[in-house]
Amino acid sequence: MKQLPTLRETVEKHGLLAKKSLGQNFLLDMNITDKIIRESLALQKLENFSRSQVFEVGPGPGGLTRAILKAEPEILTVIEMDTRCIEIMNEIRDIVGEQLQIVEGDALKFDFLRINNNLPKHIISNLPYNISVPLFIKWLKNMSSFQSLTLMFQKEVAERIMASTGNKSYGRISVLAQLTCKIDKLFDLNPNCFVPAPKIWSSVLLFRPNSNIIPSEILQKVEKITELAFGQRRKMIRQSLKTLPNLENICSDLGIETTLRAEDITPEQYLSLAQKLTV
């Protein structure tokens with residue numbers, strides 16, 4: 001890859017300060033951004049991202065962008081809504097060329113599947129805190145279309161995603177993620193790794209699609225059932241799911257006690273309910 005200006009040079013040139021309104025906390029340590037890519041590739045048994053389409057949300061000053069480009073993706077598409085960071089991305093594109101594609105806009109409104117270039121798709125991002133969960137759920141619904149997601153979350157969110165049944169952190173996002181993905185935790189990051197330093201730790205997770213693909217209509221039913229169940233998580237499901245037809249008989253057939261609470265039901269049991277219940 002051609003020589004890019006250092007992150008320090010970039011930040012100083014643009015006088016770039018993170019905006020709280022955009023959920024920005026910049027990761028400027030290239031040792032860490034390189035480690036994210038290195039560990040993600042290692043777990044996937046990949047040497048690099050050649051012949052792959054990579055997406056990055058909220059590249060900021062481009063620390064993670066630089067690390068991704070070192071891994072030689074066929075195309076790296078960055079989605080950014082901060083015009084200051086768009087300027088930085090344009091400067092990087094002037095050096096690396098059309099390998100870097102820039103989309104100015106809201107990642108929540110961006111269709112990640114509209115780019116149909118038949119390349120394996122990866123998403124790698126230090127997600128803006130304020131949109132991390134809705135973005136992640138959006139991707140989970142289309143997980144079979146991606147080869148991997150390498151994502152940084154607030155540590156509390158990462159713990160919710162990986163929480164096991166019966167854990168106080170276990171919830172809807174745990175069920176959806178674990179039904180659709182194999183999840184690996186890469187490492188945690190101290191707040192002092194970021195500028196400005198947030199008040200919380202962060203975690204980097206790797207997601208790869210499960211071999212058993214759940215039809216979208218069934219996954220939508222899982223969403224609705226878990227919304228009802230965890231919306232009243234301290235109640236027994238015979239109460240929280242009472243609006244669902246034939247609940248008692250279906251639970252009996254599946255061997256699920258209706259005296260259980262939302263957090264006591266496994267992801268696989270939620271899937272079985274979705275396959276049987278009319279929602």
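Biologist: Is Ala-177 buried or exposed?
Modeller: Buried means under 20% relative accessible area, exposed means over 50%, and partly exposed lies in between (1.4 Å probe, protein chains only). Ala-177 has 0% relative accessibility, so Ala-177 counts as buried.

Biologist: What kind of model is this?
Modeller: Residues are numbered from 1 along each chain as its sequence is written, and side-chain values use heavy atoms, with hydrogens and water left out. Local features need pLDDT of at least 70, side-chain atom pairs count only at pLDDT 80 or more, and totals for chains, interfaces and linings use all residues, for the model is predicted.

Biologist: Which helix holds Ala-177?
Modeller: Helices (H or I, at least four residues) and strands (E, at least two) are DSSP runs, numbered from the N terminus. Ala-177 falls within residues 172-180, and that run is helix 7.

Biologist: Which residues does Ala-177 touch, not counting those up to four places away in sequence?
Modeller: Contact means heavy atoms within 4.5 Å. With the residues up to four places away left out, Ala-177 touches Phe-136, Leu-140, Ile-161 and Ile-183.

Biologist: Which phenylalanine is in contact with Tyr-270, leaving aside neighbours within four places in sequence?
Modeller: The contacts of Tyr-270 include Tyr-170, Val-222 and Ile-265. Among them is also a phenylalanine, Phe-230.

Biologist: How many disulfides does the structure hold?
Modeller: A disulfide is a pair of cysteine sulfur atoms within 2.5 Å. For Cys-85, the nearest cysteine sulfur is that of Cys-193, 19 Å away. Cys-85 counts as buried, at 0% relative accessibility. In the structure, the number of disulfides is zero.

Biologist: What is the volume of the largest cavity?
Modeller: On a 1 Å grid over the protein atoms alone, a cavity is a set of points where a 1.4 Å probe fits but cannot get out; lining residues have an atom within 4 Å of a point. Points are joined across faces, edges and corners, and a volume is the space filled by probe spheres set on the points. The whole structure has one cavity of 30 Å³ or more. The largest cavity has a volume of about 40 Å³.

Biologist: Which element gives the largest share of the lining of the largest cavity?
Modeller: Ala, Val, Leu, Ile, Met, Phe, Trp, Tyr, Cys and Pro count as nonpolar, Asp, Glu, Lys and Arg as charged, and the others, Gly among them, as polar. The lining divides into four nonpolar, two polar and two charged residues. Helix 5 (132-140), helix 7 and helix 8 each give two or more. The largest share, three residues, comes from helix 8.

Biologist: What is the phi of Lys-45?
Modeller: Lys-45 lies in the loop between helix 2 (30-43) and strand 2 (53-57). Lys-45 is exposed, at 76% relative accessibility. Lys-45 is not a glycine, yet its phi is positive, at about 55°.

Technical notes: On a 1 Å grid over the protein atoms alone, a cavity is a set of points where a 1.4 Å probe fits but cannot get out, and a pocket is an open set with protein on both sides within 12 Å along at least five of seven lines; lining residues have an atom within 4 Å of a point.
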